[in-house]
Amino acid sequence: MAADIEPTTTSEQTPKRRRPVAPRQVARTMVKPMRSIVIFGAVGALVAAVALPAYAASSGPVDAATTLQQVAVDDAQSLVVASAATASPLDRSTYGATTPEEIATKKAEEAAKARAAATAAAAAASSGASSRSFDVGNYALVSPGSGEVRYPLPRGSYTQGRTIGGGHNGADMLAPQGTPIYAAAAGVVRASAESIGGYGVAVMIDSVVGGQSVATTYGHMTYGSRQVQAGQTVSAGQLIGFVGSTGRSTANHLHFEVWVNGGLYEPYGWLAANAG
């Protein structure tokens, strides 16, 4: 009877038994959360590495010294200059040569200037010494004759040499050294120097004769014998120097040139036609 009333247990009422979990499955289940933690940690470290320097730069002292290498943030072509820098005006005359060609040209110019200065100093010294010893008291200060035009050398004191032609622009009047030279016409001395190119010691005079412009040149004079200076007014027949053999010359003579209204004239013929 008891067996008849003993409660019967159904399959639904019987508790379910859990299957045992294998160790490999347990390890796999634990790896996934650990991987997520490692990834999040790496990302956080990367964010910190990027953000912290930027934050430190932006939060630095505002009164830090500004350098020449810093530029404006809004305009990349703007240059922020240190407050200690001062403005200085440009002086274009101080520009110097930079290329090898410019340096060589500059050196050549300076050397040429130095040689010219040395030559001028030597000529001045020679002129000063010669002029102190050159006695003009035994010579007439005015040439004989009359009229607007005079012979540059006393008549009979010279021999006619070559005249114009073949690149020679004057007449060579052969005479002993020290023969007095006179202005062929009144005028203004345009040039007077101890060295004028191939003329050597020379004087150049601008005149007006008969309404025409006449320029005369007297070359190869003796050093220190010039009696007139540039800008000086001279009269016809006035003593201006003495015969020598300076410049491109091989013998004592006067190189005499005549230009009328800018054209070259044969000096012997011009003197014969005009000299009184």
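What is the volume of the largest pocket? The largest pocket has a volume of about 340 Å³. The structure is a predicted model, in which local features need pLDDT of at least 70 and side-chain atom pairs count only at pLDDT 80 or more, while totals for chains, interfaces and linings use all residues. Residues are numbered from 1 along each chain as its sequence is written, and side-chain values use heavy atoms, with hydrogens and water left out.

**Pocket**

- A pocket is an open set of points on a 1 Å grid over the protein atoms alone, where a 1.4 Å probe fits, with protein on both sides within 12 Å along at least five of seven lines.
- Its volume is the space filled by probe spheres set on the points, which are joined across faces, edges and corners.
- The largest pocket is lined by 16 residues (an atom within 4 Å of a point), and Arg162, His168, His220, Arg248 and His255 are the closest to its centre.
- Strand β9 (253–260) gives the largest share of this lining, three residues; β2 (171–174) and β9 each supply at least two. Strands are DSSP runs of E, at least two residues, and helices are runs of H or I, at least four, numbered from the N terminus.
- The lining has three nonpolar, nine polar and four charged residues. Asp, Glu, Lys and Arg count as charged, Ala, Val, Leu, Ile, Met, Phe, Trp, Tyr, Cys and Pro as nonpolar, and the others, Gly among them, as polar.

**Strands around β5**

- Seven of the nine residues of β5 are buried, meaning under 20% relative accessible area with a 1.4 Å probe and protein chains only; exposed is over 50%.
- Strand β5 runs antiparallel to β4 (187–193), with six bridges, and antiparallel to β6, with eight. Strands pair if DSSP finds at least two bridges between them.
- Gly187 has Ser207 in β5 as its bridge partner, and Val209 has Gln212 in β6.
- Two residues separate β5 and β6 in a hairpin, where Gly210 in the turn has a positive phi of about 60 degrees.
- Gly210 is exposed, with a relative accessible area of 63%.
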